[in-house]
Amino acid sequence: MVNSTKGQFITCDIPMAQFIVNMNSTLPASQKFIIHVLDNTHLFVQPHAAEMIRSAISEFRDKISYEKPA
């Protein structure tokens, strides 16, 4: 018998994939969202986590971005 799971396929570069995996590992077991790490640049996650991942990446990019002082 075949089991299927609904999810979201994510393609990204290696550092961003590591960021997502690290974000997942800091959550309690009941809130983990990664279903399967396919390889270094592809992840399969629960569909409800997509917006959470987007917002966390946006916050991370804002935090590490440099703006030249006026």
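At what angle do the axes of H1 and helix H2 (residues 50-64) cross, and within what distance do they come? The axes cross at roughly 115° and come within 11 Å. The model is predicted: local features need pLDDT of at least 70 and side-chain atom pairs count only at pLDDT 80 or more, while totals for chains, interfaces and linings use all residues. Residues are numbered from 1 along each chain as its sequence is written, and side-chain values use heavy atoms, leaving out hydrogens and water.

**View 1. The open sheet of three strands.** The strands are arranged in the order E1-E3-E2 with antiparallel pairing (pairing requires at least two DSSP bridges between two strands; helices, H or I, of at least four residues and strands, E, of at least two are DSSP runs numbered from the N terminus). Strand E1 (8-11) and strand E2 (34-39) are the edge strands, each pairing on one side only. From one strand to the next, the twist averages 20°.

**View 2. The pairing of E1 with E3.** Four bridges join E1 to strand E3 (residues 42-45) in the antiparallel sense. Phe9 has Phe44 in E3 as its bridge partner.

**View 3. Helix H1 on the sheet.** Helix H1 (residues 14-25) lies across E1, E2 and E3 and runs at about 150° to E2 (axes are lines fitted to C-alpha atoms, for helices over the stretch in contact; angles run from 0 to 180 degrees between N-to-C directions).

**View 4. The contact between H1 and H2.** Met16, Phe19, Ile20 and Met23 of H1 meet Ile53, Ala56, Ile57, Phe60 and Arg61 of H2 (contact means heavy atoms within 4.5 Å).
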